[in-house]
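User: Please take a close look at a single part of this model. I would like one connected account of the contacts and charge pairs there.

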Amino acid sequence: MPVTTPRFHRLAVADRRQETADTVSIAFAVPATLARAYRFQPGQYLTLRADLGGEDVRRSYSLCSTPDEGEWRVAIKRVAGGAFSSFAHGTLRPGSAIDVMTPAGRFTRRID
């Protein structure tokens, strides 16, 4: 997979699942025009960015879907006092949008 410079894009939330009492998984709608930029390998992660009270807050989450699923999904566990996890749990719903960086990380596994 070619190395590219990571970039943020504003993506809509396609799906939200309550996985456990304190964990949600969020899937993003990646438009066809960005599908190539968001191709990923198992082991990569997405960085999410939000303005929280005037502060640029970023958190990285491992992709918990597989490349052949055609889905970009991360799991976010609520952390007591966690600014970003509280925001994600309280705000991110299907149709809302957030800045999502293209996949990054080199701790990957090639699948045949």
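Which residues does Arg-7 touch, not counting those up to four places away in sequence?

Analyst: Arg-7 touches Tyr-38, Val-100, Met-101 and Thr-102, with residues up to four places away in sequence not counted. The model is predicted. Arg-7 sits in the segment before strand E1, which spans 8–20. With a relative accessible area of 54%, Arg-7 is exposed, because the cut-off for that class is over 50%. Pro-94 is 87 residues from Arg-7 in sequence, and the two C-alpha atoms are 22 Å apart.

Next, Phe-8. Arg-49 lies over the face of the Phe-8 ring, 3.9 Å from its centre. Arg-49 is partly exposed, at 22% relative accessibility. Arg-49 also has a charge partner: its side chain meets that of Asp-99 in a salt bridge, at 3.2 Å from N to O. This pair links distant parts of the chain, with Arg-49 in strand E3 (residues 45–52) and Asp-99 in strand E6, 50 residues apart.

Asp-99 takes part in another bridge. Arg-10 forms a salt bridge with Asp-99, and the closest N and O atoms are 3.3 Å apart. Here too distant parts are linked: Arg-10 is in strand E1, Asp-99 is in strand E6 (residues 97–101), and 89 residues separate them. The accessibilities of the two partners fall in separate classes. Arg-10 is exposed, with a relative accessible area of 55%. Asp-99 is buried at 16%, because the limit for buried is under 20%.

Further along strand E1 comes Asp-15. The side chains of Asp-15 and Arg-73 meet in a salt bridge, 2.6 Å from N to O. Asp-15 lies in strand E1 and Arg-73 in strand E5 (residues 72–77), so this bridge ties together parts 58 residues apart in sequence. Asp-15 is partly exposed at 25% relative accessibility. Arg-73 is buried, with a relative accessible area of 3%. A network of salt bridges links Asp-15, Arg-17, Glu-71 and Arg-73. A search of the whole structure finds 7 salt bridges.

One more contact set involves Arg-16. His-89, in helix H1 (residues 83–91), is in contact with Arg-16, Asp-22, Thr-23, Val-24, Ile-76, Lys-77 and Arg-78, leaving aside its neighbours within four places in sequence. His-89 counts as buried, at 3% relative accessibility.

Methods
Residues are numbered from 1 along each chain as its sequence is written. This is a predicted model: local features need pLDDT of at least 70, side-chain atom pairs count only at pLDDT 80 or more; totals for chains, interfaces and linings use all residues. Side-chain values use heavy atoms; hydrogens and water are left out. Helices (H or I, at least four residues) and strands (E, at least two) are DSSP runs, numbered from the N terminus. Buried means under 20% relative accessible area, exposed over 50%, partly exposed in between (1.4 Å probe, protein chains only). Contact means heavy atoms within 4.5 Å. A charge sits over a ring if NZ of Lys or CZ of Arg is within 6 Å of the ring centre and within 35 degrees of the ring normal. A salt bridge is a side-chain nitrogen of Lys or Arg within 4 Å of a carboxyl oxygen of Asp or Glu.
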